[in-house]
Amino acid sequence: MNFPGIDNLVQPHLAQITPYQAGKPLEELAREMGLTDAIKLASNENPLGPSPLALAAIQDNLHTLHRYPDSHAYYLKEDLSRHLGLSPSQLILGNGSDEILDLLIRALVPLGGEVLSTDHTFLMYSLLTQAVGGVFRFVPLKEMRVDLPGLARAVTAQTRLIFINNPNNPTGTAFLRQEWEEFLASVPPHLTVVLDEAYIDFADDPRVPQSLAYVAEDRLLVGLRTFSKAYGLAGLRIGYGFGPSKLMDYLNRLRLPFNVNRLAQVAARAALTDTLFLERTLKVVRSGRAMICRELERLGLSYLPSQANFILIQVDRPAREVYEAMLKEGVIIRSMEEYGFSHHIRVNVGLPEENQRFVRALTKVLGLKG
Ligand SMILES: *Cc1c(COP(=O)(O)O)cnc(C)c1O
């Protein structure tokens with residue numbers, strides 16, 4: 001080969017990126033370890049499967065797959081705008097809400113521009129910032145919770161974007177309305193605040209704010225939601241954001257024309273009407289969350305109270321070892337090493353029998369008395 005090394009051809013900031021480590025797929029574990037009855041509680045997916053109404057809509061539309069999707073997702077946007085009480089111009093759809101994070105960063109962060117977030121939060125914020133040569137800065141947690149006053153104080157003239165996740169992945173904690181309103185009032189008006197609400201459906205504390213109530217045409221606030229968690233459509237890749245029309249218009253110019261596929265569009269429309277499925281999901285998650293927490297207390301393990309569909313648990317050994325030992329028991333969880341917690345694991349709530357199996361496996365792996 002007589003061309004210059006590829007390392008000299010790509011943009012230099014790409015060398016800094018550590019690729020995102022997704023939760024181990026069940027199929028992979030089965031292949032590697034010959035396990036046939038493994039369970040996955042690693043990626044905060046819906047334990048009930050996909051919304052049945054979404055599945056039916058997909059089946060009804062399979063025969064249209066030779067057609068390109070509607071580039072503007074007209075019907076889905078109409079439905080969502082009714083659902084949210086916003087105008088379609090205030091919406092952006094993405095191939096998962098991950099894509100909308102990427103659009104926001106590409107639209108707003110120049111080379112060397114700063115993105116601010118918290119430590120121990122969703123890894124995509126820093127990864128996508130690095131991908132455009134932006135500078136990612138984070139504010140430490142305060143007593144394991146997102147420190148909104150700290151975030152407001154950390155804003156500099158270079159800050160373009162603030163990402164906040166509520167409830168926060170991986171801590172599961174949520175901030176409350178008063179803290180949020182004080183924060184909003186204190187950030188400069190030219191700064192875009194993104195509130196990622198991937199887990200907001202699972203919150204049951206009425207004091208937890210919802211971005212929807214604060215979105216306005218004259219405020220640079222974007223709310224992000226996804227069909228991946230509460231609606232069980234993670235494999236289909238669809239999420240949405242809402243914010244001021246002018247900003248959404250720019251994001252729409254930046255996205256690929258067919259970023260949301262046909263099946264995702266029809267499935268999301270059906271999922272929005274599937275209130276029964278959403279109710280069942282919330283019930284399974286909230287009762288499972290309470291059950292796991294009771295068991296953790298009985299075992300004397302410390303964990304953070306969660307408003308999400310997962311729990312962050314402290315262990316007395318390197319989290320990676322616990323993760324590996326749990327894999328051998330056929331239970332896939334996540335070591336939180338890459339999130340900056342060397343001695344914490346994260347487990348998402350599964351079906352009741354999966355939760356019990358998790359507790360049994362953890363008891364055995366940590367050598368606790370059951
Ligand atoms: C799961 C998750 C999302 C949603 O990702 P999708 O791309 O919509 O599947 C967004 N933000 C956080 C913090 C998440 O954990």
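Predicted model: local features only at pLDDT ≥ 70, side-chain atom pairs only at ≥ 80, totals over all residues.
Figure 1. E8 pairs with strand E2 (residues 91–94) in the antiparallel sense, over four bridges. Within that pairing, Leu91 has Phe242 of E8 as its bridge partner. E8 is also joined to strand E7 (residues 221–226) by four bridges, and these two strands run antiparallel. Here the bridge partner of Arg225 is Tyr240 in E8.

**Figure 2. The open sheet of seven strands.** In what order do the strands of the open sheet stand? The order is E2-E8-E7-E6-E5-E3-E4, and the pairing is mixed. E2 and strand E4 (135–139) stand at the edges with a single partner strand each, so one side of each has no neighbour in the sheet. From one strand to the next, the twist averages 20°. At the E4 end, E3 and E4 run parallel and are joined by five bridges. Val115 stands opposite Phe136 in E4.

**Figure 3. Two helices that lie across strands of the sheet.** Helix H4 (residues 74–84) lies across E2 and E8. The angle between H4 and E2 is about 125°. Helix H6 (residues 124–131) lies across E3, E4, strand E5 (159–165) and strand E6 (192–196). H6 runs at about 155° to E4.

Figure 4. Thr118 belongs to strand E3 (residues 114–118). Is Thr118 buried or exposed? Thr118 counts as buried because its relative accessibility is 3%, and buried means under 20%. Leaving aside residues up to four places away in sequence, Thr118 touches Phe138, Val139, Leu141, Val146, Leu151 and Phe163.

Figure 5. How many cavities of 30 Å³ or more does a search of the whole structure find? The search finds one. Rolling a probe the size of a water molecule over the atoms shows where empty space is left. About 70 Å³ of space lies in the largest cavity. Its lining is made up of 13 residues, and Ser71, Ala73, Leu93, Arg255 and Asn259 lie nearest the centre. Sorted by class, the lining has five nonpolar, five polar and three charged residues. Among the residues nearest the centre, Leu93 falls within strand E2 (residues 91–94).

**Figure 6. Strand E9 and its partner E12.** Why is strand E9 (residues 310–314) described as largely enclosed by the rest of the structure? Four of its five residues are buried, so the description follows from that count. E9 pairs with strand E12 (residues 344–348) in the antiparallel sense over five bridges. Gln314 has His344 of E12 as its bridge partner.

Figure 7. The peptide bond from Asn166 to Pro167 is cis, and its omega is near -10°. Pro167 has its place in the loop between E5 and helix H8 (177–186). The bond from Asn169 to Pro170 is also cis. Its omega is near 15°. Pro170, too, is found in the loop between E5 and H8.

Figure 8. Asn44 is a residue other than glycine with a positive phi, near 55°. Asn44 is found in the loop between strand E1 (39–40) and helix H3 (52–61). With a relative accessible area of 1%, Asn44 is buried. Glu143, again a residue other than glycine, has a positive phi near 50°. The place of Glu143 is in the loop between E4 and helix H7 (148–154). Is Glu143 buried or exposed? Glu143 is exposed because its relative accessible area is 74%, and exposed means over 50%.

Methods
Residues numbered from 1 in each chain as written. Heavy atoms only, no water. Buried < 20%, exposed > 50% of the residue type's maximum accessible area, 1.4 Å probe, protein only. Contact = heavy atoms within 4.5 Å. Pairing = 2+ DSSP bridges. 1 Å grid on protein atoms, 1.4 Å probe; cavity = no way out; pocket = protein on both sides within 12 Å on 5 of 7 lines; lining within 4 Å. Points joined across faces, edges and corners; volume = space filled by probe spheres on them. Nonpolar A, V, L, I, M, F, W, Y, C, P; charged D, E, K, R; others polar. Axes fitted to C-alpha atoms, helices over the stretch in contact; angles between N-to-C directions.
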